[in-house]
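The following paragraphs lead the reader through one protein model. Please have the sequence and the structure at hand while reading.

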Amino acid sequence: MSAERFAALWESLSPVGRVSEDGGYVRHSWTDTDLVCREWFVEEALDRDLEVEIDRNGNIWAWWGEPDGEGAVVTGSHLDSVPHGGAYDGPLGVVSGLLAIDRLRERGVTPSRPIAVVVFTEEEGARFGVPCLGSRLLTGAYDPAKALRLRDREGTWLAEAIGRAGLDPDRLGPDPERLARIGAFVELHVEQGRALDHLDAPVGVASAIWPHGRYRFDFTGEGNHAGTTRMADRHDPMLTLAFTVLATDEAARVHGAHATVGRVDVAPNATNAIAARASAWLDARAADAGTLQKLVESIHQRAEERARHDGTRVSMAAESLTDEVGFNGDVSRLAALELGAPVLPTGAGHDAGVLARHVDTAMLFVRNPTGISHAPQESASDTDCAVGVEKLTDLLERLCQ
């Protein structure tokens with residue numbers, strides 16, 4: 001696979017959803033932009049004479065071989081993005097999957113098992129707040145009734161969004177028959193760090209995904225006039241929120257973990273008014289479940305202590321929790337042995353982590369020289385991406401025999 005050939009297919013998708021102000025991407029699931037991305041994938045799959053189907057949860061499957069066959073070898077990723085995210089997170093795995101099909105055919109491979117490239121929906125959770133929603137619904141890890149009650153920031157229900165795209169909301173939910181037909185799943189992804197750059201390696205193999213969770217903190221106080229309320233008389237939830245953000249950074253460093261408050265919502269959100277309430281969302285990740293629990297408990301305790309000082313109130317609720325995922329099955333061991341690539345853990349969640357509880361799964365990473373992800377500076381060279389396609393092809397060839 002040449003770098004030029006990778007770049008040709010990559011450039012056919014890359015303009016979709018790119019925003020002019022910073023060069024990042026806004027590809028939120030079930031928006032018009034996302035539908036264009038989905039149409040692109042369907043057209044590329046049909047150009048390769050692959051059989052395309054959309055499952056009950058909106059995930060798209062492109063099959064080489066009989067979709068109802070047993071022991072299918074599946075690769076792929078997602079096309080949605082975080083707000084103003086990078087180009088490679090998700091789409092790299094989809095583009096690489098299509099090119100791997102091309103390379104298998106060029107090698108004269110006749111697979112004894114069906115092969116599919118899949119696009120999972122709402123992996124980032126950027127629109128409806130639940131990451132890996134498409135794969136979680138597929139595997140039964142998320143309640144479909146609860147999913148239908150999800151709303152985006154504009155108040156659109158998930159049921160409305162998928163209904164407009166032609167899906168039946170009543171069919172949302174587990175798909176055990178489809179899941180049972182998958183014999184192996186491999187997700188190729190851009191590295192979300194700089195370990196491979198430091199190791200001077202274009203491709204790596206994942207060993208595990210750290211346990212992680214998303215938590216909502218709600219702070220309530222007393223709204224009042226910014227110009228007439230004495231400082232001593234205030235019960236300002238923004239003070240409690242600000243303290244909690246600082247406590248989050250400190251706790252993460254103490255526990256050797258990662259914790260981020262990257263989203264807040266304030267009411268009434270006026271310059272000349274003391275806030276009446278504020279909400280903040282915590283993303284917390286650690287190398288093991290025990291450390292994660294201690295980290296979150298520490299942050300919550302510090303927030304409650306500060307709330308008593310400020311005369312405010314705080315509550316915390318977990319919105320999603322994901323246990324540690326170890327890629328230690330036959331497929332991952334085969335990848336580590338056959339590809340000659342470094343093995344490294346990751347703190348980022350992926351659809352592969354959801355499927356790993358049900359299917360023999362592996363993850364491949366392509367070097368990201370900047371180490372930046374979920375931001376426009378995320379990068380990978382065409383040369384490294386072409387190497388990633390070849391490594392993915394090598395693994396799929398072994399698995400489909």
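Is the crossing of H3 and H13 right-handed or left-handed? The model is a predicted one, in which local features need pLDDT of at least 70 and side-chain atom pairs count only at pLDDT 80 or more, while totals for chains, interfaces and linings use all residues. Residues are numbered from 1 along each chain as its sequence is written, and side-chain values use heavy atoms, with hydrogens and water left out.

The crossing of H3 and H13 is right-handed; the term applies if the near helix is turned clockwise from the far one by less than a right angle, and left-handed if anticlockwise. Helices (H or I, at least four residues) and strands (E, at least two) are DSSP runs, numbered from the N terminus. The axes of H3 and helix H13 (residues 382–399) lie 9 Å apart at an angle of about 60°, where axes are lines fitted to C-alpha atoms, for helices over the stretch in contact, and angles run from 0 to 180 degrees between N-to-C directions. H3 is therefore oblique to H13, since angles under 35 degrees count as roughly parallel, over 145 as roughly antiparallel, 65 to 115 as roughly perpendicular and the rest as oblique.

Not counting residues up to four places away in sequence, Leu92 touches Phe6, Trp10, Leu188, His189, Val190, Val366 and Cys385.

The loops deserve attention next. Trp30, in the loop between helix H1 (3–13) and helix H2 (32–47), has a positive phi of about 70° although it is not a glycine. Trp30 is buried, at 8% relative accessible area; buried means under 20%, exposed over 50% and partly exposed in between (1.4 Å probe, protein chains only). Asn269, in the loop between S9 and S10, likewise has a positive phi, near 60°, but Asn269 counts as exposed at 64%. In that loop lies Pro268, and the peptide bond from Ala267 to Pro268 is cis, with omega near 5°.

Conventions: Contact = heavy atoms within 4.5 Å.
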